[in-house]
Amino acid sequence: MRAVLQGMERAARAPLHTLPVAQARAAYEAGAGVLELPKAALPRVEDLHIPARDGHALPARLYAPTEGAPLPLLLYLHGGGFTIGSIATHDVLCRELARLAGCMVVSLDYRLAPEHRFPTASNDAWDALQWLAHHGARLGADTARLAVGGDSAGGTLSAVNAILARDAGLPLALQLLFYPGTTAYQDTPSHSVFARGLVLDATAIDWFFGHYVALREERADWRFAPLNASDVEGVAPAWLGLAECDPLVDEGILYADKLRAAGVPVDLEIYRGVTHEFIKMGRAIPEARQAHHDAAQALRRAFQMD
C-alpha cells in the first residue's frame with residue numbers, strides 16, 4: 001500500500017477536488033484501470049437502460065458468468081462521492097464479482113451531483129432495484145435471489161436500498177457494503193486520524209459532499225446518513241468490507257454495530273494496512289483480491305449456491 005501511495009505521489013497528478021467536475025470525472029475514469037486486475041472475459045456483457053421515476057433512462061450494464069439457467073442478481077452501485085464514477089470505472093470489479101460469485105451483476109449509472117443533487121442518486125438506485133425485482137426475469141435473473149451492493153457512496157446507497165426494500169416488503173438476500181459512508185458529519189476519530197496523505201482525504205470528502213448535499217437537514221436525512229435511520233430491524237443481512245486506513249472505517253464499524261443491535265446478521269471484515277479505494281487495486285494489493293473472494297463467498301452463501 002505504501003508503494004502505491006508513493007507511486008501516486010511521484011505521478012504528481014492534480015487532486016480531483018482541484019479540478020472542474022467534468023475534468024475530475026474524466027481523470028478518475030482515465031486512471032481507474034491502472035491498478036486493476038486484467039479484465040475478465042465473460043460470456044455475457046450487455047448494456048441496457050432502466051427507467052427512473054421521472055422517465056429518465058438510466059444506463060446500466062449486465063454481467064453474467066454463464067448463459068442459460070436463471071442466475072441470482074446483484075445490483076451494484078459504484079463509488080465516487082456521488083459526483084464521479086461510472087459503469088466504466090467499476091467495470092473490472094463488477095466482472096470479478098460476477099466471475100467469482102457465479103451470479104449476474106447489474107451495474108448502474110445513477111445520476112451524479114452537482115447536476116443532480118440529493119436525493120436523486122438514492123431515488124435512482126431504489127428505482128433500479130424495484131425495476132430489477134419486477135423485470136429481472138426477462139434478463140435471465142432469478143429475482144427470488146436478489147442482493148444490492150456498492151463501494152463508498154455506492155455502499156451508502158446500498159444500505160439505504162436495504163432499508164427501503166424492507167419497508168416495501170421486497171426481500172433481499174444480502175447488502176454488500178465496501179467501506180460505506182453512513183454518518184451525517186465527518187466527526188468520527190478516523191476522519192481525523194486519516195484526514196490527509198492517503199487516497200481519500202478530508203478536503204476531497206468536503207468537495208464531494210458540497211456538490212451533493214447543500215442543506216443541513218439533507219445531511220441529517222437517513223438517506224444520506226444511514227446511521228440516522230430510526231429503525232433497521234429486519235433489513236437484509238450485511239457483509240461489510242472496510243479498509244483499516246480510511247476516514248470512513250469508524251462509521252462502517254458503527255453501522256455494523258447498529259445492524260447487529262437490531263438483530264441483523266452481520267459479517268464484518270477489516271482489511272489491514274490498506275486505504276479507501278483498495279478494492280480497485282487488485283494488481284498491486286493482495287488484500288483487494290482477498291476482498292473480492294470474501295465478497296463473492298458472502299454472495300454465494302446468501303444466494304444458497306454452495
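1. Let's start with a pair of strands. Strand S1 (residues 44-51) runs antiparallel to strand S2 (residues 57-64), and 8 bridges link them. Here, two strands pair if DSSP finds at least two bridges between them. Helices (H or I, at least four residues) and strands (E, at least two) are DSSP runs, numbered from the N terminus. With 5 residues between them, S1 and S2 form a hairpin, and Gly 55 in its turn has a positive phi of about 90 degrees.

2. A word on what you are looking at: this is a predicted model, in which local features need pLDDT of at least 70 and side-chain atom pairs count only at pLDDT 80 or more, while totals for chains, interfaces and linings use all residues. Residues are numbered from 1 along each chain as its sequence is written, and side-chain values use heavy atoms, with hydrogens and water left out.

3. Now step back to the sheet. How many strands does the open sheet have, and in what order? There are 8, with mixed pairing, in the order S1-S2-S4-S3-S5-S6-S7-S8. S1 and strand S8 (266-275) are the edge strands, each pairing on one side only. On average, neighbouring strands of this sheet are turned by 20 degrees against each other, direction ignored. A parallel pair is found in it too: strand S5 (residues 141-151) and strand S6 (residues 174-178) share 5 bridges. There, Ala 147 has Leu 174 of S6 as its bridge partner.

4. Next, look at helix H3 (residues 91-101) and helix H10 (residues 286-302), which pack at about 50 degrees with their axes 9 Å apart. Axes are lines fitted to C-alpha atoms, for helices over the stretch in contact, and angles run from 0 to 180 degrees between N-to-C directions. H3 and H10 are therefore oblique to each other (under 35 degrees counts as roughly parallel, over 145 as roughly antiparallel, 65 to 115 as roughly perpendicular and the rest as oblique). The residues in contact (heavy atoms within 4.5 Å) include Leu 97 and Leu 100 of H3, and Ala 296 and Leu 299 of H10. By class, this contact has 7 nonpolar, 2 polar and 2 charged residues. Ala, Val, Leu, Ile, Met, Phe, Trp, Tyr, Cys and Pro count as nonpolar, Asp, Glu, Lys and Arg as charged, and the others, Gly among them, as polar.

5. Helix H4 (residues 120-135) and helix H5 (residues 153-168) make another packed pair, at about 55 degrees and with axes 10 Å apart. H4 and H5 are therefore oblique to each other as well. From H4, Trp 126 and Leu 129 are among the residues that meet H5, where the partners include Val 160 and Leu 164. This contact has 9 nonpolar and 2 polar residues, and no charged ones.

6. For aromatic rings, a search of the whole structure finds 10 pairs. Rings of Phe, Tyr and Trp (its six-membered ring) pair if their centres lie within 6.5 Å; planes under 30 degrees apart count as stacked, over 60 as edge-to-face and the rest as tilted. Phe 209 and Phe 224 have ring centres 5.1 Å apart and planes at 80 degrees, so this pair is edge-to-face. Phe 209 lies in helix H7 (residues 202-212) and Phe 224 in the loop between helix H8 (216-220) and strand S7 (238-245), so the pair ties together parts that are 15 residues apart in sequence.

7. Finally, some backbone details to look up. Most residues other than glycine have a negative phi, and most peptide bonds are trans. Which bond joins Ala 113 and Pro 114? A cis peptide bond, with omega about 5 degrees. The bond from Phe 118 to Pro 119 is cis, with omega near 5 degrees. Pro 119 sits in the loop between S4 and H4. Ala 12, not a glycine, has a positive phi of about 55 degrees.
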